[in-house]
Amino acid sequence: MAEKEKNVVNFSDPLSVLIVEDNEVDYKMLSSMLKDESYKISYSQVTETLADAVKALKEKSFDVAIVDLNLSDSKGELTLKEITEQFPLLPVVVNTGAYEDDLGLKTLGYGAQDFLVKSKYTAYTLIKALRYAIERKRLELELKDTMEQLSVTQRQLIEAERMRIIGGLASGVAHEVKNPLATILYGVTYLTDHVQVDDEKYQVVLDNIRAATHKANNIIVDLLDFASLSRLNKKATSLEDIIEKSLSLVGHEIDKHKVSVSKEITKDLQDIVVDKNRIEQVVVNLLLNAIYSITEGGNVHIRVHNGCLSSEMIKSMGLSEHYFKNGDRYLFMHIEDNGSGIKNENLDKLCDPFFTTRRAKGGIGLGLPVSKNIMELHEGSLCVQNKEDEGARATLIFRTSL
Amino acid sequence: MNTKKILLVDDEKGFTDVLRLNLESTGDYEVKVVNDAREAVKQTIAFRPNLILLDIIMPFLEGPDVVMALQENESIKNTPVVFLTATVTQEEVDQQQGIIGGHPFVAKPTNFEELVSSIEKNAGMVY
């Protein structure tokens, strides 16, 4: 019931009103009309300039503002624009001159909820305009919220359908391509063992065919992997165990590139509910990216801690404000390196499928998009940024139950 | 050393040709190829293989249907079967320790050495 009551206009709630008006006759008249006890105005304040109005609105929250558009420091629709942009939740009633009906109507298009025509209103119509403006603003915000939710749902549906199509296509293509690949591979195996020519060039050709076959197969496997992400096997798991397992999986590369690894993990971490294999896949991807970006002797630093999301983090990490709210609790895992960092022009493309800066070294460009998808399917996220000093930082966030 | 008899059931003629060459060149195997799965049971009875390498997706009759048909025939129902298929990835096979739905699987394309080791592991006596 509480939810319902909130949606009903309550004309008896006391109002606080800001009057933005530089004409003494007008603001005195407005103030005296609002003083009538039966109208339940708890507070009213007059400011004569836009600057003072903005200051007052920052200091105190008002239920509604009555605004004259032509002030000493701002004229016409710009006054309204300034106020509605800075205070998008504030209901505004514009107070226009006696012969400005057209302007009054126009202001509704610029974000005002109603307009008064000077000398044509009574105390009763004034109060009615204020109450209606508040209700209109509330409906407007509700509609905006609903539209946002609809658009999120629509995007999710499109994404689900896209994945379904990719899934079907990928498994069909995989089957059709792997059969000929198997024929090529066994053909090369046979020739390698039986070609009796004493010429190294033949072996080089055969080795290249074999390598190309494996590469083509890897692309198919990654594509299938990308397409089969909707099946997750979530269980309570220790992130520390996942990190240890992932480090052991990339141990060979760590040794080969002479990279040192340091860890900074908060004590008493609570378990996360995830598909262990998938998260290992993400961590391995990120570790490899870090290792490959640094020169010999570099360092990969892993930090894990609990924390709350702040508005700044939501913004800088490019998170959807619809899913991630200021103050939500998350488990954060950062993988930082002191390598070459990411070129600015590549930052936006990192998670695009098939974008890679290591194509020559066999990169396919599915590591980060797959990883990001995996994190999003866990209601978390992945973001990659350059560090302030040098190198890059990949951050994983996991929703925790507390 | 006794050679083992392998029945290779797969509709891709190019694939069965090269695989047969590889298997025969080891000297350890005698290979019979069946490209039409509907012939699989008849050839199994005639050839008495130690092991059947069986594709899954084939026209007319799919791999699992071949297995069911083999089981209906008392004299060959214990012939070991290894599925050799492009429908699963090596990762899926590894996760299940090489067995999916009770049958050993080998993912195409797999290295010839791995295929041989799976044959050696699963090949049985000829009854």
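**Strands, chains and a helix**

Mentor: Start with strand S1 (residues 15–20) of chain A, which pairs with S2(A) in the parallel sense over six bridges. Strands here are DSSP runs (E, at least two residues), helices are DSSP runs too (H or I, at least four residues), and both are numbered from the N terminus. Two strands pair if DSSP finds at least two bridges between them. This is a predicted model, where local features need pLDDT of at least 70, side-chain atom pairs count only at pLDDT 80 or more, and totals for chains, interfaces and linings use all residues. Residues are numbered from 1 along each chain as its sequence is written, while chains are lettered from A and ligands numbered from 1 in the order in which they are written.

Trainee: Which residue stands opposite A:Leu15 in S2(A)?
Mentor: That is A:Ile41.

Trainee: What order do the strands of that open sheet have?
Mentor: The five strands run S2-S1-S3-S4-S5 in chain A, with parallel pairing. Strand S2 (41–47) and strand S5 (114–117) of chain A are at the edges with a single partner strand each, so one side of each has no neighbour in the sheet. On average, neighbouring strands of this sheet are turned by 20° against each other, direction ignored.

Trainee: And which helix packs on the sheet?
Mentor: Helix H2 (residues 24–35) of chain A does, touching S1, S2, strand S3 (64–68) and strand S4 (92–96) of chain A. The direction of H2 makes about 175° with that of S2(A). Axes are lines fitted to C-alpha atoms, for helices over the stretch in contact, and angles run from 0 to 180 degrees between N-to-C directions.

Trainee: Other strands: how does S9 of chain A pair with S7 and S10?
Mentor: Strand S9 (residues 299–308) pairs with strand S7 (residues 260–265) in the parallel sense over six bridges, and with strand S10 (residues 329–337) in the antiparallel sense over nine bridges. A:Lys263 has A:Ile302 in S9(A) as its bridge partner, and A:Val304 stands opposite A:Met333 in S10(A).

Trainee: Changing topic, what pLDDT does chain A average?
Mentor: Chain A averages 85, and 94% of the residues score at least 70. pLDDT is the predictor's confidence in each residue, from 0 to 100. Over residues 1–9 of chain A it is below 50.

Trainee: Now chain B. How many helices and strands?
Mentor: Chain B has five helices and six strands. Its average pLDDT is 87.

Trainee: Which residues of its helix H5 are buried?
Mentor: In helix H5 (residues 112–122) of chain B they are B:Phe112, B:Leu115, B:Ser118 and B:Ile119. They fall within an arc of 125° seen down the axis of H5(B), so they line one face of the helix. The arc is that of the directions from the helix axis to the C-beta atoms. Buried means 20 or more other C-beta atoms within 10 Å of a residue's own, exposed 12 or fewer, partly exposed in between, with C-beta atoms placed from the backbone.

Trainee: And which exposed residues are on the face turned away?
Mentor: B:Glu113, B:Ser117, B:Glu120 and B:Lys121.

Trainee: How many residues does each chain give to the contact?
Mentor: Chain A gives 18 residues and chain B gives 16. H6(A) gives the most to the side of chain A that touches chain B, with 14 residues. Two residues are in contact if their C-beta atoms, placed from the backbone, lie within 7 Å.
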